[in-house]
Structures are given as structure tokens and as C-alpha cells.
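Hello,

Here is the structure I promised to pass on to you. Have a look at it first, and then read on for what I found in it.

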Amino acid sequence: MSPFDLLDVDSSLSAEERQIRGVVRQLVDDRVRPNVAGWYEEGRVPARELAREFGKLGLLGMHLTGYGCAGASAVAYGLACLELEAGDSGVRSLVSVQGSLAMYAIWRYGSAEQKQRWLPAMALGEAIGCFGLTEPDHGSDPASMATRARRDGDDWVLHGTKMWITNASVADVAVIWARTDEGVRGFAVPMDTPGVTVREIRHKMSLRASVTGEISLDDVRLPAAARLPEAVGLKAPLGCLTEARHGIVWGALGAARDCLETALDYATGRTQFGRPLAAFQLTQAKLADMAVEWNKGYLLALHLGRLADARRLRPHQVSVGKLNNVREALAIARQCRTILGANGVSGDYPVMRHANNLESVLTYEGTSEIHQLVIGQRLTGLSAFS
Ligand code: TGC
Ligand code: FAD
């Protein structure tokens, strides 16, 4: 149990939820923690290997049912995201893009044939998926996307560019969102289709233990069966984002917890002015304030998870969680860094890595500003977007 669970929120978890959390925590201790600083420094991650290991444990698409998916609760999925992100946000991204974006899109909107073709292999980590919504010129405003899909006989022909796509260069299938004459539609695009090329995005200063790429679609010809038949309009990709954002609400708490535990350990062990850093009132005030925020975030995540399990979770509620928990996790990571002094900027400790990662988490899956505006629209009844 973490010393930061001051309110004993853990006691509200079921035995099964705790058991799943324990398995993921062990996996992260064994497989991620010993290696992640090296992956981060090199800007590479063994995504395929990890996907297979995560698949064996049933972590990929774990909150989905059928097709080899574990059918776990939303809370159990959230706890898994928390533990994965305590290792590294990039590792959690690998799992959430696979399960909540690519697999969820096929599971929710795909044909029986598409589900059979992709989901069992994706659940096992034998096939990797990515999710192409963002474009070079259209990020927060996907309704303006420029990627086009036009009919040619029975076929579809896709043309455009998707940018900042997690897992792109290791993916077997991309869920691509494109504009058609009838509105936005989704396509399951095998990555070996002629006309699909991927450029890896290197030199990121954040989320370095994660694969990110640009996908170019140069008149990519697809059979009619490649279209996700149930995906109609922008609400289809936005529905996938709601799934993934819920995982991030939890995941950000994991990065924050790892920073807090590192800072507490450091402050207890290091002496200045003849006393441990932890004995100084200013250090205790920092730790106390951060712990209060962390507990509020944990309660919020658990509440949203329980709403999701009751099928009552609404998109604006997920915005509350994403906005708060990522913003507070980043503030916690930065504050913890100060407690470590110069060691706070060293890769020998995880704190700066988490802080840098959280800069991406703050931006992807809807920036803080977008979530503020979603909440603002809910409160005022007025959309700031249109
Ligand atoms: P708007 O008119 O509000 O909505 C269009 C339709 O969609 C419905 N809707 C949603 N449905 C489900 N979930 C949501 N979150 C939804 N938000 C809206 C809405 O009810 C409407 O339905 P209908 O039936 O009336 O047609 O659309 P808008 O164009 O005004 O845009 C709204 C806005 C700005 C909130 C939306 O575009 C947005 O969320 N923008 C942010 C884009 C974003 O988050 N991109 C993320 C890309 S994927 C990614 O970052 C992966 S990172 C890797 C990782 O996860 O680890
Ligand atoms: P912009 O939309 O250009 O925004 C720039 C700034 O302007 C932001 O601060 C924003 O909040 C602000 N802004 C924009 N509109 C408004 C407004 N109306 N009011 C007030 N402020 C506004 N996308 C995918 O599709 N799939 C992926 O797998 C994926 N993975 C990613 C991985 C990483 C590491 C990163 C960094 C991004 C990833 N993304 C992915 C893209 C991500 O979703 C976008 O970066 C995000 O949606 C923001 O878009 P943008 O970067 O174009 O910023």
C-alpha cells in the first residue's frame, strides 16, 4: 500500500481489482522499471516484445468483452493504467492506444469480419494497432480534417496525412478517420497496403519510451469491407477518445505516485543542515499539499470508474477528470523535482522523466484548454468552438 493513500481509498476496491492491480504492479517492477531509463535515453522501446508480454497477461483491450479480451471492469482497467504509468507514460500509451483507441474502434464500430480478423490477434499483442485522427494542420479541431476518402466503384481511396500517431511504425493496422461526401468515416487500414508510408518522429523531449510517427496515405485503395460500418460522423472517433481519456485520468495518478514515493524516500534519506530534508517544515508542507491533491485525484478517478461500470459516464465528466488529474500530476512531478535538488534533473531518478512525459499527456487526448471548454460548454450551454 502506498503511504500516499491517506484516505484509504484502496479499501473501496474489490479483491479482484486489487489482484489485477498487483499483477500489473509486479509486471512493471520486473519488466519496465529496470529498463525504462535506458529506453527513454535512447528514444526507443521494444514495443512488439512488450505488447506480447502485456497480451499474455490479458492487458490489451482488457475492458472489452469477447474476441479473447478479458472483460474486466472499468475500474480494473483504470488501476492497470495507473500501475503502467507509474512505470512510464509511454508504456501506458502503448496499452491505451492499442486497447482503448484501435481495438475499441474495431470492437464498437467494426463488422463481424473486421472483429474476427483483428481483435483476437490484438488482444494477444500479436498485432499492433494505431489510431490516426490528428493531422499536421488539424489537432484540437478534428472536424476540419483534410484526409479524404472517396468511392471508386466498390473501393475506397484514401488520401491525406496523419501526424503524431502513437505506435505508427510498429503497427499492423491503423484506424484512420477520413472525410467522405457523407461525413467522417473510419477505416481499418492494414499498414502493408500500397500507398501507406510511415515516418518516425524522432527527437521528442517527452514520451521518449513511446513510438510516434507520421502516416502518409497516398491514394490508398481499400475494399469496401475496410470501412468500419457502424462509425458514422465525428462522434465515432470522439467516442473512442472518451474511452482512452478515462484511462489517462487514472494513468496520470501513477506517474504522480511514482514521483511522490521517490521524493519521500529521497527527503527521508538526505541530510542538510544536520537534519533529513523530510524534517523541514517546508518539505512537509510540499508533501502534504501534494498528497492532498493526489488523494482528491484518486477519489475522482474511482468515482468516474464506478460511473463507467454503471454505464453512466458522460464525456464532460471525463473532461473533469482528465483536466484535473493530468494538470495536478504535472504540478506534483515538478514540485517533487525540487525536493530532489540537482538529482531531480538526473535520469538516475524517474521524476524529470515523468514530468517531461506529462507534458505530452497534458496535450494529447484533448489539451487542457479543450477540456476547460468542454466543461465551460456544459456549464453555460454555449459552445466556444463554433
Ligand atoms: P461537437 O459538435 O461537440 O461533437 C460532434 C459529435 O460528437 C459528440 N461528442 C462526443 N461523443 C463521444 N465522446 C466525446 N468525448 C464527444 N464529444 C462530442 C457530440 O455529441 C456530437 O454528436 P452528434 O450526434 O450531435 O453528431 O464537435 P466539435 O467539432 O465542436 O468538437 C468538439 C471538441 C473540440 C471537444 C472535439 O473536437 C475534441 O475533443 N477535440 C480534441 C481532439 C483530441 O482529443 N484528439 C486526440 C487524438 S488521439 C490522441 O491524442 C492519442 S494520444 C495517445 C494516448 O492516448 O496514449
Ligand atoms: P493545436 O490544436 O494546434 O493547439 C495548440 C494550442 O492551442 C493548444 O494549447 C490548444 O489547447 C490551443 N487551442 C486550440 N484550439 C483552441 C481553442 N478553441 N480555444 C483555446 N485554445 C485552443 N493523435 C492521434 O490522432 N493519435 C495518436 O496516437 C496521437 N498520439 C500522440 C502522441 C504524442 C506524444 C503527442 C504529443 C500527441 C499525440 N497525438 C495523437 C496528437 C494529439 O492528440 C494532439 O497533439 C492534440 O490533440 C493537440 O493538437 P495540436 O498538437 O495540433 O495542437
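Helices (H or I, at least four residues) and strands (E, at least two) are DSSP runs, numbered from the N terminus.

Please keep in mind that this is a predicted model, in which local features need pLDDT of at least 70 and side-chain atom pairs count only at pLDDT 80 or more, while totals for chains, interfaces and linings use all residues. Residues are numbered from 1 along each chain as its sequence is written, and chains are lettered from A and ligands numbered from 1 in the order in which they are written.

Let me begin with α4, residues 74–87. Because 14 of the 14 residues of α4 are buried, this helix is largely enclosed by the rest of the structure. From first C-alpha to last, α4 reaches 20 Å, close to the 20 Å expected at 1.5 Å a residue (the expected span is 1.5 Å times one less than the number of residues).

Helix α10 is mostly covered too, with 10 of its 13 residues buried. Among the buried ones are V351, H354, L358 and L362. The cover over the buried residues of α10 includes α2 (36–42), α5, α7, α9 (315–339) and α11. The end C-alpha atoms of α10 are 19 Å apart, which agrees with the 18 Å that its 13 residues should span at 1.5 Å a residue.

Most residues other than glycine have a negative phi. What is the phi of E365 near? It is near 60 degrees, a positive value. E365 sits in the loop between α10 and α11, and it counts as buried because it has 24 C-beta neighbours inside 10 Å. D8 also has a positive phi, near 55 degrees. D8 belongs to the segment before α1 and is exposed, with 9 other C-beta atoms within 10 Å.

**Domains**

The protein is divided into domain 1 (9–124), domain 2 (129–232) and domain 3 (235–380); the bounds come from an automatic or database domain assignment. The centres of domain 2 and domain 3, taken over C-alpha atoms, are separated by 30 Å. Between these two, 12 residues of domain 2 are in contact with 9 residues of domain 3, contact being C-beta atoms, placed from the backbone, within 7 Å. On the side of domain 2 that touches domain 3, the residues divide into 9 nonpolar, 3 polar and no charged. Here Ala, Val, Leu, Ile, Met, Phe, Trp, Tyr, Cys and Pro count as nonpolar, Asp, Glu, Lys and Arg as charged, and the others, Gly among them, as polar.

**The ligands**

I counted a residue as near a ligand if its C-beta atom, placed from the backbone, lies within 6 Å of it. Ligand 1 is surrounded by 26 residues, the closest being S93, A143, K235, P315 and Y364. Helix α7 (235–269) is among the elements that supply at least two residues of this shell, and it gives the largest share, 6 residues. By type, the shell around ligand 1 has 14 nonpolar, 10 polar and 2 charged residues.

Where does ligand 2 lie? It lies between domain 2 and domain 3, because both give residues to its shell. Of the 21 residues around ligand 2, T134, G139, S140, T367 and E369 come nearest. β1 (129–132), β3 (155–166), α10 (351–363) and α11 (368–380) are the elements that give two or more residues to that shell.

**The core**

A nonpolar core is a set of buried Ala, Val, Leu, Ile, Met, Phe, Trp, Tyr and Cys residues joined through C-beta atoms within 7 Å. The largest has 125 residues, and A102, F187 and A333 have the most contacts inside it. α7 gives the most to this core, with 17 residues.

L253 lies in α7 and counts as buried, with 29 C-beta neighbours inside 10 Å. Leaving aside neighbours within four places in sequence, the contacts of L253 include L82, W294 and A329. L253 and V326 are 73 residues apart in sequence and 7.8 Å apart in space, C-alpha to C-alpha.

Best wishes

Methods
A residue is buried if 20 or more other C-beta atoms lie within 10 Å of its own, exposed if 12 or fewer, and partly exposed in between; C-beta atoms are placed from the backbone.
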